[in-house]
Amino acid sequence: MAKHVEYEKVGSDYLEHRQLKRGAAGWVLLAGLGVSYVISGDFAGWNFGLEQGGWGGLLVATVLMGAMYTCMVFGLAELASALPVAGGGYGFARRALGPLGGFATGIAILIEYAMAPAAIAVFIGGYVETLGLFGLTNSWPVYLVCFVVFIGVHLYGVGEALRLMFVITGVAVVALVVFVIGMVPAFDSDKLFDVVGGEGGFLPFGVAGALGALVYAIWFFLGVEGVPVAAEEARDPQRDMPRGIIGAMLVLLVFAGAILVLAPGGAGSEALKTSDNPLPAAARAAYGDGSVLAQVVNYVGLAGLVASFFSLIFAYSRQLFALSRAGYLPRWLSRTGRRKTPYLALAVPGVIGFALASITRDGAQLINIAVFGAALSYVLMMVSHIVLRVREPELERPYRTPGGVVTTGVALVLAVAAVVATFFVDELAAGITAGIVVVALAYFWFYSRHHLVASAPEEEFAAIARAEEELKD
């Protein structure tokens with residue numbers, strides 16, 4: 001495929017206007033970023049898997065998705081240490097699968113990161129209305145404030161944004177810890193299996209129910225793979241990337257296990273299976289409507305949604321920045337300002353996200369589109385790890401995946417299962433995502449493959465690899 005692309009010469013100042021601020025984040029901030037991406041999924045969304053598969057089905061799905069993400073994170077830690085570029089997964093796939101594979105991966109990731117903030121804005125609006133704050137009966141002003149304020153913080157500077165994100169995430173983590181501790185006395189194992197319908201038992205809706213629950217089990221971990229997009233802003237990416245993404249994954253595994261057991265175990269799976277705010281609902285079911293635990297989790301839970309919203313803005317801007325800088329998408333989107341933040345890559349998806357949230361007001365549908373994009377990108381990224389291990393065994397890898405291609409092979413098989421599961425749960429969302437990918441690939445084929453930028457880091461990495469192969473021959 002590399003033979004079928006063309007590069008345009010750019011001026012010496014091209015990359016000068018497309019620079020990110022290096023050294024802004026150490027591994028602790030990167031781990032915080034990884035948790036921040038995901039933490040809203042601990043507060044809501046996962047519980048819909050109880051309706052799909054019962055508690056047993058959701059448990060099986062969570063174990064499988066936890067295994068997939070853990071194996072994938074080990075693979076991404078290796079790739080991020082070897083190829084530390086803002087493109088993250090797109091950069092890895094570009095090296096392994098060529099321009100077309102890289103672009104397809106980047107678009108799948110961009111769908112995830114651009115759709116998820118719109119969905120979370122809808123959830124935040126619903127939260128604000130439920131709490132009766134500001135007397136709102138329509139949430140569009142909440143969506144607008146969210147996008148304007150948090151894009152504004154990101155425009156101010158990446159270091160400031162990551163530190164504020166870390167604080168908000170810390171507040172949300174405290175709320176989760178309080179909830180987990182508070183639900184321990186109310187735990188009753190019989191409540192786990194009280195879902196009405198199905199055939200009863202551990203898997204009341206059979207294997208098909210467990211497969212359907214995969215999409216909701218993903219919510220415990222969705223987004224952690226975004227840590228590598230901060231590679232060009234890390235202090236020491238070869239060391240900090242593996243530490244950051246693996247540290248985040250360990251925290252997420254602990255919370256997933258605790259919440260999956262203690263929330264339904266204290267309130268009953270039936271009470272939570274359709275709840276928009278399952279943690280406060282669990283506390284109320286266990287201790288009554290006026291319980292202090294329910295009130296604390298209800299209000300502080302908003303911090304979890306805000307943390308994920310805030311961090312996903314960072315993720316979509318860096319993914320879009322990288323694709324634009326290399327010429328795969330319009331180059332003007334990658335320009336950075338005086339504070340070295342990609343202002344157009346922050347603003348343009350923000351406008352689109354606000355429009356999607358305001359028009360659809362369907363957070364679940366938007367999240368399902370994001371999940372399909374994510375699952376597709378996981379397949380491509382794991383294929384990339386395996387291809388690079390086989391084709392470029394001499395590539396310098398400061399961190400190496402335990403188990404090598406066996407580990408990422410497990411992640412690949414489970415990612416394919418997740419892609420299949422999305423069709424079972426939401427055919428419309430899967431179809432919309434597939435349509436976006438097809439349109440993007442048509443743009444690549446007819447236009448952008450003729451206008452790539454050779455001096456972009458991802459393209460330079462690929463050029464070096466080609467040169468090394470030619471020397472061997």
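I took helices (H or I, at least four residues) and strands (E, at least two) as DSSP runs, numbered from the N terminus. This is a predicted model, in which local features need pLDDT of at least 70 and side-chain atom pairs count only at pLDDT 80 or more, while totals for chains, interfaces and linings use all residues. Residues are numbered from 1 along each chain as its sequence is written, and side-chain values use heavy atoms, with hydrogens and water left out.

**Entry: Lys-340**

I looked up Lys-340 and found it in the loop between helix H11 (292–325) and helix H12 (343–360). Its relative accessible area is 35%, so I noted Lys-340 as partly exposed, given that buried means under 20% relative accessible area, exposed over 50% and partly exposed in between, with a 1.4 Å probe and protein chains only. I then checked Lys-340 against Glu-16: the two are 324 residues apart in sequence, and their C-alpha atoms are 9.9 Å apart in space.

**Entry: Arg-361**

Arg-361 sits in the loop between H12 and helix H13 (363–391). I noted a positive phi of about 50° for Arg-361, although it is not a glycine. Most residues other than glycine have a negative phi. With 46% relative accessibility, Arg-361 counts as partly exposed.

**Entry: H1 against H8**

I next followed helix H1 (residues 27–38) to helix H8 (residues 237–267), and their axes come within 7 Å and cross at roughly 40°. That angle makes H1 oblique to H8. Axes here are lines fitted to C-alpha atoms, for helices over the stretch in contact, and angles run from 0 to 180 degrees between N-to-C directions; under 35 degrees counts as roughly parallel, over 145 as roughly antiparallel, 65 to 115 as roughly perpendicular and the rest as oblique. The crossing of H1 and H8 is right-handed, where right-handed means that the near helix is turned clockwise from the far one by less than a right angle, and left-handed that it is turned anticlockwise. For the contact (heavy atoms within 4.5 Å), I listed Trp-27, Leu-30, Ala-31, Gly-34, Val-35 and Val-38 in H1, which meet residues of H8 including Asp-240, Met-241, Arg-243 and Gly-244. By class, the contact of H1 with H8 has nine nonpolar, two polar and two charged residues, with Ala, Val, Leu, Ile, Met, Phe, Trp, Tyr, Cys and Pro counted as nonpolar, Asp, Glu, Lys and Arg as charged, and the others, Gly among them, as polar.

**Entry: H1 against H6**

H1 also packs against helix H6 (residues 158–183), at an angle of about 55° and with the axes 9 Å apart. This makes H1 oblique to H6, and the crossing of H1 and H6 is left-handed. Val-28, Leu-29, Gly-32, Leu-33, Val-35 and Ser-36 in H1 meet Leu-162, Arg-163, Met-165, Phe-166, Thr-169 and Val-173 in H6. By class, I recorded eight nonpolar, three polar and one charged residues for the contact of H1 with H6.

I looked at Thr-169 of helix H6 on its own, and at 5% relative accessibility it counts as buried. Not counting residues up to four places away in sequence, Thr-169 touches Gly-32, Val-35, Ser-36, Ile-39 and Ala-307. Leu-29 in helix H1 is buried too, with a relative accessible area of 16%.

**Entry: cysteines**

I searched for disulfides, taken as pairs of cysteine sulfur atoms within 2.5 Å, and the structure holds zero. Cys-71 is buried at a relative accessible area of 14%, and Cys-146 counts as buried at 7%.
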